[in-house]
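Welcome! Let's get to know this structure together, one question at a time.

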Amino acid sequence: VLFALMVVLLLPVAFMGATIPLAFHELNRDLHRVGTHSGMLFSWNTLGNLTGSLIGGIGLYYFLNNVQVFLAAGLLAACSTSLAGWYVSRKYGLLTGFLAILIFLGIIFTPFYHQKNFTLGTFYTKIPFIFSLEGPQKFFERFNAKLELKFYEDDPTGTVAVVESAKYPAFDAKPLAIVINGKSDSSTIGDIYTLKLLAHLPALLAEIRKNVLIIGLGTGVTASEFTLYPDVEQIDIAEISPAVVKALPFFQEFTHRLENDPRTHIQIGDAFRILGRSEKRWDIIVSEPSNPRVTGVDLLFTQEFYKLAREHLTEKGILLQWVQLYDTDPHILGMILNTIHQEFPHCRALRANIGDLLIIASTKHFSSADVTRAEETFYSNARVKTSLETINFTSVEAILIREIWTSSYIAEHFSDFGIQPMDNPRLHYMAGKRFFIGTNISNEDLFSSASLPYQHEYLIVQKYKNWETLQFSREMFASLLRSIKDKVSG
């Protein structure tokens, strides 16, 4: 592939590089004004580069997709060649003008561009398929055979698609996933445990939940679960991609029509800057960004970000951070936990499902009063109870039993893992290296006897002070078993 690209691009790139030297050669014929001409040449060249970058790299993506932007570049090149050719010979001008017309038609119809082939990134595939060597057409036909493309758009931040896959036996609806730059960032069924707990865990434990900030819209499921609480007055959503916002109506079946709820306010922009420029304070902040190895995402795991989050939380506010366990190792997870703990003295880790960890953090201590209040909310809000029962959570205990680490455990066991500051970021490099090497975090890293001395701190123990003598009934034990049974994987 590299050799083919060199053969195709060598000549045009060489000609592009020769443009400025040739222009200077012509300027040397007028030595008296060579300084003036040189300054103008550099000025126009710089202005052209800047304008082209802004228009081609950002502006056009609000109206065109990738293939159309590339063809637009070809169209401009063909037009400039046509003008130059017309100056030399009308025959060359007409020939390149005809080429420009063909490229313009290509921008409108894009006959050779198959959006579905650019939806899921094949670079995530670790091993070859049995059809990997059958050619690109056969490969993509079989690779995408079970997917139906519902939405596709390229915007200045990336490529966004919504795909529907085969129906899960335990659910009535087919799962929808939002795919960003080839990676599935959220699925309405595959990630349903995580998406719902991201909302309900802080909402149930919070004393006040009037104002909520969600970082990362995704499918919209997490934000929509907050609409089930009548005392939530405003749900602010920070989303960097305009195309993700456009895709939201495709998830109506799973989001209680979030886009029509008057409490929903979506801000398009970088969450770090939205937080930094806002004077507002929220009762709950939920951070659900993409994986730390994705360019730019590691900024949302820095100490500076958590400091901003703490400053923009109310006195008893709660931060909920999602960490993808399937894309981490002990050193990455330890750094994230230690960084959060620098700003939030009270943080706990709960396992949402086999691949996701939820870190709930606050400047206040969680007590038995918080657990009691969570139970009262759970049983008094029929919509919340019904929503959680769809994923086997029939009690608050079913949620709290997923806690694996307490505040003291995190403080003592992860203090040597370093932190992630903005001026010396390492998380992006570590996460990218882990992805290609394939190292993972194991159950032995998550569950061990080292947590035994901290048993009195667990939230579920806060409810049962005499838990050592507690006799589990058949019904209670059955409820706990149901809560850890994954409806998605069976």
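**Helices, a sheet and the whole chain**

Q: Is the crossing of helix 1 and helix 2 right-handed or left-handed?
A: Keep in mind that this is a predicted model. In it, helix 1 and helix 2 cross in a way that is right-handed.

Q: At roughly what angle do the axes of helix 1 and helix 2 cross, and how are the two helices oriented?
A: Helix 1 covers residues 2–27 and helix 2 covers residues 34–57. Their axes come within 10 Å and cross at roughly 160°. An angle over 145 degrees counts as roughly antiparallel, so helix 1 is, relative to helix 2, roughly antiparallel.

Q: How many nonpolar, polar and charged residues does the contact of helix 1 with helix 2 have?
A: Helix 1 brings Ile 20, Ala 23, Phe 24 and Leu 27 to the contact. Helix 2 brings Val 34, His 37, Ser 38, Leu 41, Phe 42 and Asn 45. By class, that contact has 7 nonpolar, 3 polar and no charged residues.

Q: Which strands stand at the edges of the open sheet?
A: The sheet is built from 8 strands with mixed pairing, in the order 7-6-5-8-9-11-10-12. From one strand to the next, the twist averages 20°. A strand at the edge has a single partner strand, so one of its sides is left without a neighbour in the sheet; this holds for strand 7 (264–268) and strand 12 (403–405).

Q: Which residue of strand 6 is the bridge partner of Ile 214?
A: Strand 5 (residues 211–215) and strand 6 (residues 234–239) run parallel. They are joined by 5 bridges. In strand 6, the partner of Ile 214 is Ile 237.

Q: What angle does helix 6 make with strand 11?
A: Helix 6 (residues 192–205) packs on the sheet. There it touches strand 8 (282–287), strand 9 (313–324), strand 10 (346–353) and strand 11 (356–362). Its direction makes an angle with that of strand 11 of about 20°.

Q: At about what angle does helix 11 run to strand 9?
A: Helix 11 spans residues 303–311 and lies across strand 5, strand 8 and strand 9. Its angle to strand 9 is about 145°.

Q: What percentage of the residues of the chain count as buried?
A: The chain has 20 helices and 12 strands, and its C-alpha atoms fill a box of roughly 95 × 50 × 45 Å along the principal axes. A residue counts as buried when its relative accessible area is under 20%. Of the 490 residues, the buried share is 47%.

How values were computed. Residues numbered from 1 in each chain as written. Predicted model: local features only at pLDDT ≥ 70, side-chain atom pairs only at ≥ 80, totals over all residues. Heavy atoms only, no water. Axes fitted to C-alpha atoms, helices over the stretch in contact; angles between N-to-C directions. Helix = DSSP H or I, 4+ residues; strand = E, 2+ residues; numbered from the N terminus. Parallel < 35°, antiparallel > 145°, perpendicular 65-115°, else oblique. Left-handed = near helix turned anticlockwise from the far one by under 90°. Contact = heavy atoms within 4.5 Å. Nonpolar A, V, L, I, M, F, W, Y, C, P; charged D, E, K, R; others polar. Pairing = 2+ DSSP bridges. Buried < 20%, exposed > 50% of the residue type's maximum accessible area, 1.4 Å probe, protein only.
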